[in-house]
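The exercises below are to be worked with the sequence and the coordinates open side by side. Each task is followed by a solution in steps.

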Amino acid sequence: MTDIPQPIRPLGPIEVYSSSRHALGFYRCLAHTCRYAVPWSVLQGKSVPDVLETAVANLVLRLPRLSVAITGNEASRPYFASVHSLDLSYHLECVELPAELDSHARDSHLLHMLEAQHNQLWPDVGTRPPWRVLAVYNPRPSQLEDRQIIDIVLAIHHSLADGRSTSIFQASLLDELNKQPAHPSCLEDHVLRMPSKPHGHILPPQEELVKFTTSWRFLAGTLLNQLASGWLGKPATDLPWTGAPIRPDPYQTRLRLVTLPAKAVSQLLANCRANGTTLTPLLHALILTSLARRLPAETATSFQSCTPIDLRPFVQSGPLVTDRAESFGVLVTSASHSFDSSRVSALRGQASGEKIWSLAQTLRQELKDRVETIPRDDMVSMLSWVADWRGFWLNKVNKRREQTWEVSNIGSLQGSPEDTEPVSGSKWQILRSVMSQCAIVAGPALCASVSGVIGGPISIALSWQEGILESELVEGVAHDLQLWMDQGGPVHGQKLP
C-alpha cells in the first residue's frame, strides 16, 4: 500500500486507551477463534485459501472499520485513516497442520499459535489496518472425514474492536461463506482496492454514541481519589492480592483452555437459572474459590475482580447506527467486584455449594445494580481527562495492579444458519468459539475470556503474563473450573471437591 491513508477522525478516549497501551507494548492483540466445518460437497473442489480470500474480501467491503489504519502518535493524537487498498496476502494466512492430530494435540498446536500471535506488536499501523485472519486446517484429512474442519482466527488491535465486535466478524464471515459470493471485481492478485465511495462509515467514538452524564460530586470524588491514592496509598491490610507488580518485561502471553461440552453447558445454565444467577457471576465465584484455596491465607486475604460491560444497549440510534447490536467498534465499560477477608475466608477449605451459589446471586445483583447506573457517573466518561497516556501507563510500572482477575463474557454465537439443523451438513457451520486476550501488562493478572456456540460448547480461555502468576496456580484454577463446571456447578448440600 503506497498511497497515503486519508484521515477520518481522531480516536476517541476509549480507543486511545488501547492505542496508547499498544504503543508501549502493554496490550497487543485481541483474538477470536472459531472452529468451522464445511462438507466437501459445498467446497465444490475449490481450495480453502481461495474460498476464504473471497469471503474475507467481501467482509472488508462490508465492515468499514477493517479498512482503517491508525496514523499519528498512538499514545497522544492518533487518527483513524482509510487505506486505498489492502494486501490480503498479509491479512489472510492459511496454515496447514503438520500432520494428523487428535483433538488434544490440535488444541495444543492452536494455543501455541495464539500465544505467538498475542505476543506480536502490529507493524506499520499507520499504513496497514492492524488485523489478520489465520486459517488452520489439515489439507489432507482422512478419507473417512466427510467434511473439512478449519480453525479461523481473527486477531485484531483493540482500538479497532472489542470482544463483541469479534463475534460480529465471525458471524458475518459465516454469512459470507454460506452466500458463496462472487469474487469481487476490486480484488486482483490478492490486493483489494477499496471503492472511492465507501460502503459505510466507521462508528463515531462511544463518547458520542452514549450520552454519558457526570455529576460534579462524581467528578470531584474521582479526582480526589486519584490524588489520594498517589499521595497516601492504602493501608497494607486493605490491599487485594493481585499477583506480581506491574512490569513490561518479559512480555510472554500464556494461555490455557477450559472447554465445556454441550451437555455440561445445558446442565450448568439450568442450575444457574434455578439459583437466580448467570454464568458470569458464577465464574467469578468459582475463580475466587479456587484462588482462595490455592493461595496462602497469610498473604492473600482479599481479592478484586472486574467484568467488562457491553454498552451497545445504551447507544443512541441515529443515521450512523441502524442496528445497535451489530455496531462494530469499541463500546465498553466495566464493573468492579471487591472480595474482602470475610468473603474470602468463608470459601477457604471445603466451601459448600450453598455459599458459592449465594455469592453468585449477590454478584448477579451487583452487576444488575451497576448496569442500572449507566450512563450516569461512569468511569469511562473520565478518560478524556488523561492528558498524557504514555505517562499514565509508565507511572504504573513496578506498582501493584488493581485487579486480580477479569471475566469477559461475549456470549454465544449462532453456529448454524437459521434454515439449517445444527447437526446437518449442507452449509458452513461454527462448532466452537474461543475468545482470548494477550497478557495485559497494567491490567488484571488473570483474564478469563468466555464465549460459546448456541446449543454447543462454551470455552473459557485463561490468559496471563509469564512471571506475574505462577503457571502452577493457573493450571490449578483451570483444573478446578473444569472439574466443578463439568458437574453442573456447585451441588447444594455438598462440599466442592
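**Exercise 1.** Over the ring of which residue does the charged end of Arg 128 sit?

*Solution.* The model is a predicted one, in which local features need pLDDT of at least 70 and side-chain atom pairs count only at pLDDT 80 or more, while totals for chains, interfaces and linings use all residues. Residues are numbered from 1 along each chain as its sequence is written, and side-chain values use heavy atoms, with hydrogens and water left out. The criterion for a charge over a ring is that NZ of Lys or CZ of Arg is within 6 Å of the ring centre and within 35 degrees of the ring normal. For Arg 128 the ring is that of Tyr 90, with the charged end 3.9 Å from its centre. The charged end of Arg 28 sits over the ring of Tyr 251, at 3.8 Å from the centre.

**Exercise 2.** Describe the geometry of the aromatic pair formed by Tyr 36 and Trp 428, and locate both residues in the chain.

*Solution.* Rings of Phe, Tyr and Trp (its six-membered ring) pair if their centres lie within 6.5 Å, and planes under 30 degrees apart count as stacked, over 60 as edge-to-face and the rest as tilted. The structure holds 9 such pairs. In the pair of Tyr 36 and Trp 428 the centres are 6.2 Å apart and the planes make 75 degrees, which is edge-to-face. Tyr 36 belongs to strand β2 (residues 30-39), whereas Trp 428 lies in the loop between β14 (405-413) and β15 (429-437), 392 residues apart; helices (H or I, at least four residues) and strands (E, at least two) are DSSP runs, numbered from the N terminus. Both Tyr 36 and Trp 428 are buried, that is, under 20% relative accessible area, with exposed meaning over 50% and partly exposed in between (1.4 Å probe, protein chains only).

**Exercise 3.** Which face-forming residues of helix α12 are buried, and against what do they pack?

*Solution.* The buried residues of α12 (residues 353-373) include Ile 356, Trp 357, Leu 363 and Arg 370. Seen down the helix axis, the buried residues of α12 fall within an arc of 155 degrees, so they line one face; the arc is taken from the directions from the helix axis to the C-beta atoms. Their packing partners, by contact (heavy atoms within 4.5 Å), are α9 (262-274), α10 (279-294), β12 (303-310), β13 (332-339) and α11 (341-347).

Key. The expected span of a helix is 1.5 Å times one less than its number of residues.
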